[in-house]
Amino acid sequence: MSARIDYPLFNDLLPGVQEALVAAGAALKQAGLDPALGELVKLRASQLNGCSFCLQYHLNLARRVGVSQAKLDLLAAWHDATCFSDAERAALAWAEWLTRLPQPAQPDEVYRALARHFDASAIAALSVAIATINAWNRLGVGLGFVPPAPQ
């Protein structure tokens, strides 16, 4: 695989964009978003978008923050996997809904399930994490970023 515009060149061409997206991630840490949950929703969105760069990058991070191998193995089939908590299921459903916009159905049911497990601050943080990874996915897929090495 060869990049259309590789990741280092992208950062050189538009350093403010990379810095802004990284700053959004830093704000999520300050907001207290659970790092493991953040990695799960980023991985799920990246699976849906087919972004190999973001998948490998966030698999590396997920392992570092202690996400179990069982969850990583079954993430694509989380609906049927028993290793995910109800809160994780709600967050993953929200990640899928926000990633697959537009959809004919309203998100009220998905949002109500999310609100049973998370307060408004956590929902806002999850939504930013999902929006940010979708931005990265579109850059990674569109520009053909080559995935980093597995760790």
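**Note on helix α4 and cysteine 54**

1. Helix α4 contains cysteine 54. The model is a predicted one. Cysteine 54 has a relative accessible area of 3%, so this residue counts as buried, the cut-off being under 20%.

2. Leaving aside residues up to four places away in sequence, cysteine 54 is in contact with Ser46, Ile133, Trp136 and Asn137.

3. Helix α4 is 13 residues long, and the distance from its first C-alpha to its last is 18 Å. That is close to the 18 Å expected at 1.5 Å a residue.

4. Which residues of α4 are buried? They are Phe53, Cys54, Gln56, His58, Asn60 and Ala62. The elements covering these buried residues include α1 (7-13), α3, α5 (69-74) and α8 (120-143).

5. Helix α3 (residues 35-49) packs against helix α4 (residues 52-64) at an angle of about 160°, the axes being 9 Å apart. The two helices are therefore roughly antiparallel, since angles over 145 degrees are classed that way. The crossing of α3 past α4 is left-handed.

6. On the α3 side, this contact uses Glu39, Lys42, Leu43, Ser46 and Gln47. On the α4 side, the residues are Cys54, Leu55, His58, Leu59, Leu61 and Ala62. Sorted by class, the contact comprises six nonpolar, three polar and two charged residues. Ser46 of α3, part of this contact, is also one of the residues that cysteine 54 touches.

7. Just past the end of α4, glycine 66 adopts a positive phi of about 90°.

Notes:
Residues are numbered from 1 along each chain as its sequence is written. This is a predicted model: local features need pLDDT of at least 70, side-chain atom pairs count only at pLDDT 80 or more; totals for chains, interfaces and linings use all residues. Side-chain values use heavy atoms; hydrogens and water are left out. Axes are lines fitted to C-alpha atoms, for helices over the stretch in contact, and angles run from 0 to 180 degrees between N-to-C directions. Helices (H or I, at least four residues) and strands (E, at least two) are DSSP runs, numbered from the N terminus. Angles under 35 degrees count as roughly parallel, over 145 as roughly antiparallel, 65 to 115 as roughly perpendicular and the rest as oblique. A crossing is left-handed if the near helix is turned anticlockwise from the far one by less than a right angle, and right-handed if clockwise. Contact means heavy atoms within 4.5 Å. Ala, Val, Leu, Ile, Met, Phe, Trp, Tyr, Cys and Pro count as nonpolar, Asp, Glu, Lys and Arg as charged, and the others, Gly among them, as polar. The expected span of a helix is 1.5 Å times one less than its number of residues. Buried means under 20% relative accessible area, exposed over 50%, partly exposed in between (1.4 Å probe, protein chains only).
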